[in-house]
Amino acid sequence: MFAYNLRIAIKSLRRHPLLTGVIIAGIALGICASTTFTTVRHMFARDPLPGRSSRIFYVRMDNWDPATPYPDDGGGTNPHHVPPQVAYRDAMELMRSNIPVRQSVMFAANVIVFPEKRAARPYSDRGRMVFSDFFTMFGVPFHYGGPWDRRADAKAEQVAVIDDATNQKLFGGTNSVGKRLRLGTRDFTIVGVLAPWRPFIRMYDVTQNFVQQPEPIYLPFNTAISMEIRPGGNSDGWKPVGPTYRDFLASDVDCLQFWVELRSPTDRASYQTFVDNYVRQEKTKGRFPRPLNNQVTSLLDLLKEIGIVRPAMTAMAVMSILFLIICSLNLTGLLLGKFLSRAPELSVRRALGATRGDIFLQHLIECELVGVAGGVIGMLLSLGVLRFIAKFITATTVISLDPEMILAALFLSLVAGGIAGLYPAWRACKLQPAVQLKV
Amino acid sequence: MEIGPIVRALTRNRTRVLLIVLQIAITLAVVTNAVNMIATERTKMKQASGFDDDNLLWVFSRPFADSFGDRAFRITTTRSDVRALRTIPGVKSVVNTNFIPWQGGGSSGEVKAAGGDGSSYRTQEYTASPAFTDTLGVKIVSGRNIGEGDINDEPNATTANVIISRGLERLIFKGQSAVGKQFIEPDNSVDTIVGVFDPFYNPYGWPIHEYCLVYPGTVARNGALFLVRVNPGAMKSVSQAVEKKLLSVNDGRNFEMRTISEVRDKYFTEGRIVIMAMTAVIILIVIVTGLGIVGVTSFSVTERKKQIGTRRALGATKSAILRYFLMENWLITNSGVLLGILLAYGLNYLLVTHTSGVKLDWRYLIAGVTLLWVQGIVATLVPAMRAAAVSPVIATRGV
């Protein structure tokens, strides 16, 4: 019966190719717009570390000026606003805690890469200085080798992890674990090569340009400090700092990101106490002049706090869904007219024994058919548009439809087709055959 | 006119009417709010920096050679770089500075006026060579510019001659001239203001977009940064020549280059996406709704062929039939518009409270209503003309 209905539906659609085209195009546009903009929003809003994010926390301490709170973009009136990063000396003290199962303080800085090949010119590239726990905490995938161990952290060993693209460039994509890599003035041993990795949000450093690609080169934090590499990202300070690297390390300049992994709410509470106690103790030495304000924020709360989902994205998603509603209303109107103009034919079928249910089902199938056709076309269109938008936002093509969004789009097109078709199909099956057959 | 019969006919086709009314209402709500969003973004993008943005090129030299480890060497090389860049044909002016317009940030610090009430003010702070004002295309409005003689690259210097933006002068000195006044820095070093420049606007994470303090000096610590101002039309030829020129000064480094228009475009990425997307939505929505009206009116014409024929047979003129359908559509459109105005304000309220939306400008509403009227007439015209063409003979056929 289904096959029969399907055949009739296709036949009916082919009888009016122009009308069918308009109807399908309408649905396709609606699905394309709504899928595109909800996907863009979804890319920013979704959990960047599913399953782990609730255990990952960002640590901040208010070591700012006693006279004014750390300024915020609204004009610096919020007294609870806390500097977004921490200072080196405090980070080193916090790293002593054994409450977190994993922890890493980190910063970004450029490093100069000297390729082994004589012909290749040295170049400067983005590096990230981390502790070994970083790789596990943020689910960084390895192709060859793995992270360095904690001993390498402690002894500031000259080991490095490089990303897939760097490995392609320098070593032709072969297993380069154990090979040498000259960075700046020192030789490093490669211990790990990342698999291609492109999280949409660079969640471990959201202090600037968080849609940027992860860094190509990773070095042990302590090694970078011993090389006197200065953090390249944002740095905030309110007190004068001397010119030397030693001055910098001893200063209150906030320029490092500090992450901890805590197993349970109990651990979180005791870690908060630990940080508070540390700051209280520093207060007795005349540091941290502002009221006690230390924040241990979960990854998702942090993303919410800095407003990673831009309001404009929500606005555009709302507008695109309204657009889909218009397309559906449009579909209803067109189908209604189409079905009712078919009254004589339907009356003959009814007179020959088709039940109301049969007629209803047949028309609903026709609606769903255009719904799904429009949905599939709309999704394909949306892929193209997303590629374009991704180029705009990140200069790469990292936005794509994940299975979740594809299912959502298909579901949406079925619902749109169904809802739009329900009333016309009902009207079609309510036609009085006798009236029409009189003619 | 025959409004009575039209209304009575409409009440017999409630669903059809309701569909179009809803469609028109939502269309009006979406279109006006979309236009409002576009206008908001456009206003933001109209903000001028006050600089010659279109003719500025940013050049970053990243050294890898060991020789750059020496501070004195870095400074002399940077100065040679500026001289070399100036010799490129089409270059108007070159400044060595850590300031990059439209980057969405920069560096900042706090200053206190000497002899003031002791309050600190946050301002953007940059280091630059004296060509700063010439290269950006801003004017010294009082006092003098910094000169080569003001440059002191000694890191422990405790005094400096500086220039500030007019915005900062107004903020701190409230209408008085800043020239000759002094700032106390947090480390107790003293800056003497020798001149004031205007205009200056650089968006910052904090509301200090118009405040700027410029130290005379050489920027060469982690690579050298330059802004190059070119003659109109010379951007392409200059940017092609830069790398070769600087390599001839010293080849132990790599270069990064970006035009300030590119930097600016990047800064406004979000606004550009909103504008493009909302423009597309407006165009598509008008097409879809238009086709919908054409479709539904066509069916209603087909459905009423017999009645039309009868009316014609009873003496109605072609233009009366045409008028009938246009009038019918106009009534429907207006019901849609009335509902749409409510919806538009409702949607706008949601956008304002839940997103960064701005209050709807009533003029867009008027434009939207006009658009829908025109659209309604155009979309009804074709089916209505077909209705007018229905022959009176039809009335004599069939039942």
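Into which domains is chain A divided? In this predicted model, chain A splits into domain 1, covering 2-47 + 310-437, and domain 2, covering 63-292. The C-alpha centres of domain 1 and domain 2 of chain A are 50 Å apart.

Let's turn to chain B. Its secondary structure comprises 11 helices and 11 strands. The radius of gyration of chain B is 33 Å, well over the 21 Å that the globule rule gives for 399 residues, so chain B is more spread out than a compact globule. Its C-alpha trace spans about 105 × 50 × 30 Å along the principal axes. Of the 399 residues in chain B, 40% are buried. Among contacts in chain B between residues at least 6 apart in sequence, 83% link residues at least 24 apart.

Now for some backbone details worth a look. Most residues other than glycine have a negative phi, and most peptide bonds are trans.

| Residue | Phi | Loop |
|---|---|---|
| B:Trp102 | about 65° | between strand E2 (91-96) and strand E3 (108-113) of chain B |

Are these residues buried or exposed? A:Glu228 counts as exposed because it has 12 C-beta neighbours inside 10 Å, whereas B:Trp102, with 22 C-beta neighbours inside 10 Å, counts as buried.

Finally, there is a cis peptide bond to find in chain B: the one from B:Asp198 to B:Pro199, with omega near -10°. B:Pro199 sits in the loop that runs between strand E8 (190-198) and strand E9 (212-216) of chain B.

Key
Residues numbered from 1 in each chain as written. Chains lettered and ligands numbered in written order. Predicted model: local features only at pLDDT ≥ 70, side-chain atom pairs only at ≥ 80, totals over all residues. Domains from an automatic or database assignment. Helix = DSSP H or I, 4+ residues; strand = E, 2+ residues; numbered from the N terminus. Rg over C-alpha atoms; globule rule 2.2 N^0.38 Å. Buried ≥ 20, exposed ≤ 12 C-beta atoms within 10 Å, placed from the backbone. Contact = placed C-beta atoms within 7 Å.
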